[in-house]
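Have the sequence and the structure open side by side as you read.

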Amino acid sequence: MANHQRLTLPIGIQSFEKLRKGHYYYVDKTPLIESMAKIGGYYFLSRPRRFGKSLLLDTLHCLFEGRKTLFEGLYLHDKWDWQTTYPVIRISFADGVVKSREELDAHIWHQLKVQREKLALSQPPAEIISGEFSSLIRQTHAHYGQRAVVLIDEYDKPILDNILEPERARELREGLKNLYSVLKDADPHLHLVLITGVSKFSKVSLFSGLNNLRDITLLPEYSTICGYTDDDIDTVFDLELPGLDRETIRQWYNGYRWGGSEVTSVYNPFDVLLLLQNRQFGPYWFESATPTFLVNLLKERGVFTPELTAWHSRPALLSRFDVDDISTDALLFQTGYLTLKDIHEEVPNRPLYKLGLPNQEVEISLNEALLPALGVSHAVFDDVVIRLPRLLKAADLAGLETHLKALYAGLPHDWYRNNPIAQYEGHYASVFYSHFAALGVQVTVEDASHHGKVDMTVDFGGHIYLFEFKVVEQLPEGKALEQIKQKGYADKYRATGKPIHLIGVEFSREKRQIVAFDVETA
């Protein structure tokens, strides 16, 4: 529904009560929680950081406590039985960083103590954590005569905070398993359990025996449970939009999908709210949420960066996430750097997922963060930011050749000796793609699946540039430009009316340099 007066932007607000009592904008998510709340059961939801998971849990908390006035004007207001309330046990690992099993146990004890006091349970606590959590659930049911609701926020944060220290991470995983394992036998006393976090650890490692845990992460009906849709932005925030280009907002921040191409894509709320406040485009989410371990891991594994635009994965890989076995697919998908573009089945009932970068914010920021790992220092990139757009706007192809040769010549010799990416066949193509993508110019990669080659289109400054990239040790010289013409790459761009420049770039792995730069304007 559209607002008829300007309200306050709810930046960083995770309290449903504060949001509803203050004059804040609110995107109504109650249609999506209705069946879950009414039917009950065990649910698991994974979403990247800063997507509104904590607010979702707080909304459910207020709903089960029967706080009817907070829901006035919302979908669920006249569809909910306000006479029946449920006691809520709320556990969160969102605050602080725990560095040991002792710290984790102390944190859990504190949370259980706070919940016991809040629920006014007089019996003395048990001796051990699992016993205390179990008795807390049972006593809550007995005391209120109604099954309990358990909401767990950032269930995986203690492990993720220590993922680069496998031994410590394993220790913390055991501590969390000790807590979560209680839920299985507490079933008679529970109405609803919702567990949220960033990653999806295997059931065996954390939720042993909890076979009725329903993972709603990729179910189409829950695809928009966190995040804003296009419709939300056009209706709820309509008064904030004048002065901002709507299509640019879409390109920069929309594009997260949890489900196939038919589900509605969403925006990260954090980005949208900061854009509306600051009135300028920036990588707000990326700067606030990017874990350093992600960039280090990609560096270690030598990721071929053009492949980020069209990555194929099996469902099993997307959920393969554990202390000793983190698949690159799962890491990039669960942390929000890749999203689901499409699902197709070559073989019946064996889906393949096509992943890609969700939007321009992630493409620019992730490539910029990876440039030092590819050997391009921040100082060099600062120079690129000034020089490259000028060359593209002026269609200065000789200058472009000089620029690219200088870029490769500038990769430090030392760097080649001790960097795993240097030995990687696709390294040159990665440098080529990533330094364009990090600028924020419109880049389309045609063939991202074969290491060492990248056919790339750059649309910028009123010109279109088609690049074909070859390594001469694999193919005789002069083939790159030939191939652009043979494949008719330029045809689909002729209707734009923009000048089209065909550029064949040939690289020698031995010389670590561009050895041919053939150009032709179509």
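Let's start with the largest pocket: α3 (53–64), α12 (269–278) and α13 (284–289) each supply at least two residues of its lining. Helices here (H or I, at least four residues) and strands (E, at least two) are DSSP runs, numbered from the N terminus. This is a predicted model, so local features need pLDDT of at least 70 and side-chain atom pairs count only at pLDDT 80 or more, while totals for chains, interfaces and linings use all residues. Residues are numbered from 1 along each chain as its sequence is written, and side-chain values use heavy atoms, with hydrogens and water left out.

**Largest pocket**

- The space in the largest pocket comes to about 740 Å³, a volume being the space filled by probe spheres set on grid points that are joined across faces, edges and corners.
- Its lining has 34 residues, and the closest to the centre are Gln 14, Arg 50, Phe 51, Gly 52 and Lys 53.
- For the term itself: on a 1 Å grid over the protein atoms alone, where a 1.4 Å probe fits, a pocket is an open set of points with protein on both sides within 12 Å along at least five of seven lines, and lining residues have an atom within 4 Å of a point.
- The top contributor is α3, which gives 5 residues to the lining of the largest pocket.
- Sorted by class, that lining has 20 nonpolar, 8 polar and 6 charged residues; Ala, Val, Leu, Ile, Met, Phe, Trp, Tyr, Cys and Pro count as nonpolar, Asp, Glu, Lys and Arg as charged, and the others, Gly among them, as polar.

**Second largest pocket**

- The second largest pocket holds about 540 Å³ of space.
- It's lined by 19 residues, with Leu 357, Glu 363, Gln 442, Val 443 and Thr 444 nearest its centre.
- Two or more lining residues come from each of α11 (246–253), β9 (339–347), α17 (360–370) and β11 (442–445), and β11 gives the most, with 4.
- By class, the lining of the second largest pocket splits into 6 nonpolar, 7 polar and 6 charged residues.

- Strand β9 runs antiparallel to β10 (residues 350–356), joined by 6 bridges; strands pair if DSSP finds at least two bridges between them.
- His 344 sits opposite Leu 352 in β10.
- The hairpin has 2 residues between its strands, and Asn 349 takes a positive phi near 65°.

**Helix α4**

- Helix α4 (residues 101–118) has 18 residues and reaches 26 Å from first C-alpha to last, close to the 26 Å expected at 1.5 Å a residue; that expected span is 1.5 Å times one less than the number of residues.
- Its buried residues include Leu 104, Ile 108 and Leu 112, where buried means under 20% relative accessible area (1.4 Å probe, protein chains only).
- The buried residues of α4 pack against β2 (88–92), α5 (129–144), α6 (157–160) and α7 (166–180).
- Just after α4, Ala 120 takes a positive phi of about 55°.

**Strand β2**

- Because 5 of the 5 residues of β2 are buried, the strand is largely enclosed by the rest of the structure.
- Val 88, Arg 90 and Ser 92 cover one side and Ile 89 and Ile 91 the other, and all are buried.
- β2 runs parallel to β3 (residues 148–153), with 5 bridges joining them, and Ser 92 has Asp 153 in β3 as its bridge partner.

Conventions: Buried means under 20% relative accessible area, exposed over 50%, partly exposed in between (1.4 Å probe, protein chains only). Contact means heavy atoms within 4.5 Å.
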